[in-house]
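Biologist: I have not looked at this structure before. Please take me through it, one question at a time.

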Amino acid sequence: MTRIINIVSGKGGVGKTTLTSNLAYALTELGEDVIAIDTNLTTPHLGLHLGIHLAPNTLHDVLRGDTNLSDAIYPHPSGFKILPASMSINDLTGVDIGKLPEITSKLSGTTDYVLMDCAPGLGREAVSSIKAADELILVTSPELPSVADALKTLKIAEKVGKKILGVVVNRVRGKWYELTKWEIEETLNLPVLVEIPEDANVSKSITIKMPLVEYDSFSPAAIEIRRLAHQLTGREFRFEKSKLSILDRFVKWVTE
Ligand code: ADP
Ligand code: MG
């Protein structure tokens, strides 16, 4: 059975694209078949994060009816697949985002997971993307504006009858002025699945267009994303730092 999971937020810039690309990688590592879709049609970044921003066929072409779905799906070297969106502003014309559920239902049965990188906000783009999924993961930073916007997304998701798996709190720095896990759970009335720490390696991995989990699977944010992949698949997560040999760690330390 295919799980169609949308990574959503109210506020932009909270880490949806980072989570989508890394969760796709982490689930693939666990032996799951994954297709990641960039459903952020106006400001797409998934292709940029994964190095396929110049793809000749995109979700825009598929939605316009100019390209077959299978011709717009590309392999990532690690094994998962990507359906990117177009970076070109010209491609916004004639695109009907309302057709997204047709695409996800076509993918259903062809893979274990469809992960969608949603547009932020509450506009038609985000709402159509939410409607095209079965389950949602709500991403927020530990700040009030982000949690307040998450609450609005949550209300819309409930209205259209989607199952919300829980909240991912990203960029946690453990400062006194941040909202706590407990406060976020109380406000949204949802469980926090993982708290992903602020991690400078996220930015580095984006620059080299490689998922952080691939770049450094023991980086603090990567560990939490791998923990989430284990949770989703019902596996126990055992943190085995020893997998990285002393020599590996020394080489890493010297070369960074
Ligand atoms: P969104 O897709 O929600 O707009 P992104 O995934 O593009 O958000 O992330 C926005 C910015 O935040 C990126 O520049 C990324 O480098 C940074 N970022 C995301 N998660 C983290 C993290 N855990 N630690 C540090 N920086 C992060
Ligand atoms: Mg994004």
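**The sheet and the ligand**

Modeller: Keep in mind that this is a predicted model. In the sheet, strand β1 (residues 3-8) runs parallel to β5, and five bridges join the two.

Biologist: Which residue in β5 does Arg3 stand opposite?

Modeller: Strands of a sheet pair through backbone hydrogen bonds, either parallel or antiparallel. Here β1 and β5 run parallel. The residue in β5 opposite Arg3 is Tyr113.

Biologist: What is the bridge partner of Asp38 in β5?

Modeller: Strand β2 (residues 34-38) also runs parallel to β5, joined by five bridges. Within β5, the bridge partner of Asp38 is Asp117.

Biologist: How many residues of β5 are buried?

Modeller: In a regular strand the side chains alternate between the two faces of the sheet. In β5, Tyr113, Leu115 and Asp117 are on one side and Val114 and Met116 on the other, and both faces are covered. Strand β5 (residues 113-117) is mostly covered, and the number of its residues that are buried is five of five.

Biologist: Which strands stand at the edges of the sheet?

Modeller: The sheet is open and has eight strands with mixed pairing, in the order β3-β4-β2-β5-β1-β6-β7-β8. Two of these strands have a single partner strand each, so one side of each is left without a neighbour in the sheet. The edge strands are β3 (74-75) and β8 (192-197).

Biologist: Which residue in β4 stands opposite Ile35?

Modeller: β2 and strand β4 (residues 81-83) run parallel and are joined by three bridges. Opposite Ile35, β4 has Lys81.

Biologist: Is Asn6 buried or exposed?

Modeller: Asn6 is found in strand β1. Its side chain makes a polar contact with the side chain of Ser129, at 2.8 Å. The cut-off for buried is under 20% relative accessible area. Asn6 has 0% relative accessibility, so Asn6 counts as buried.

Biologist: How far apart in space are Gly166 and Ile156?

Modeller: Gly166 lies in strand β7 (residues 163-172) and, at 0% relative accessibility, counts as buried. Gly166 and Ile156 are ten residues apart in sequence, and from C-alpha to C-alpha the separation in space is 15 Å.

Biologist: Why is the pair of Trp176 and Tyr177 edge-to-face?

Modeller: The structure holds one aromatic pair. The ring centres of Trp176 and Tyr177 are 5.4 Å apart, and the pair is edge-to-face because the planes are at 80°. The cut-off for edge-to-face is over 60 degrees, and the angle here is 80°.

Biologist: Which ring does the charged end of Arg226 sit over?

Modeller: The charged end of Arg226 is 5.1 Å from the centre of that ring. The ring belongs to Phe218.

Biologist: How much of the accessible area of ligand 1 does the protein cover?

Modeller: Around ligand 1 there are 16 residues, with Lys16, Thr17, Thr18, Asn170 and Asp199 coming nearest. An oxygen atom of ligand 1 is 2.9 Å from a polar backbone atom of Gly15, while a nitrogen atom is 2.8 Å from an N or O atom in the side chain of Asn170. A nitrogen atom of ligand 1 is also 3.0 Å from a polar backbone atom of Pro197. Of the 560 Å² of accessible area that ligand 1 has on its own, the protein covers 82%.

Notes. Residues numbered from 1 in each chain as written. Chains lettered and ligands numbered in written order. Predicted model: local features only at pLDDT ≥ 70, side-chain atom pairs only at ≥ 80, totals over all residues. Heavy atoms only, no water. Buried < 20%, exposed > 50% of the residue type's maximum accessible area, 1.4 Å probe, protein only. Helix = DSSP H or I, 4+ residues; strand = E, 2+ residues; numbered from the N terminus. Pairing = 2+ DSSP bridges. Phe/Tyr/Trp six-rings, centres within 6.5 Å; stacked < 30°, edge-to-face > 60°. Lys NZ or Arg CZ within 6 Å of the ring centre and 35° of its normal. Near = heavy atom within 4 Å. Polar contact = N/O pair within 3.5 Å; in protein donor to acceptor, adjacent residues only side chain to side chain. Areas by Shrake-Rupley, 256 points an atom, 1.4 Å probe, with all protein chains shown as cover.
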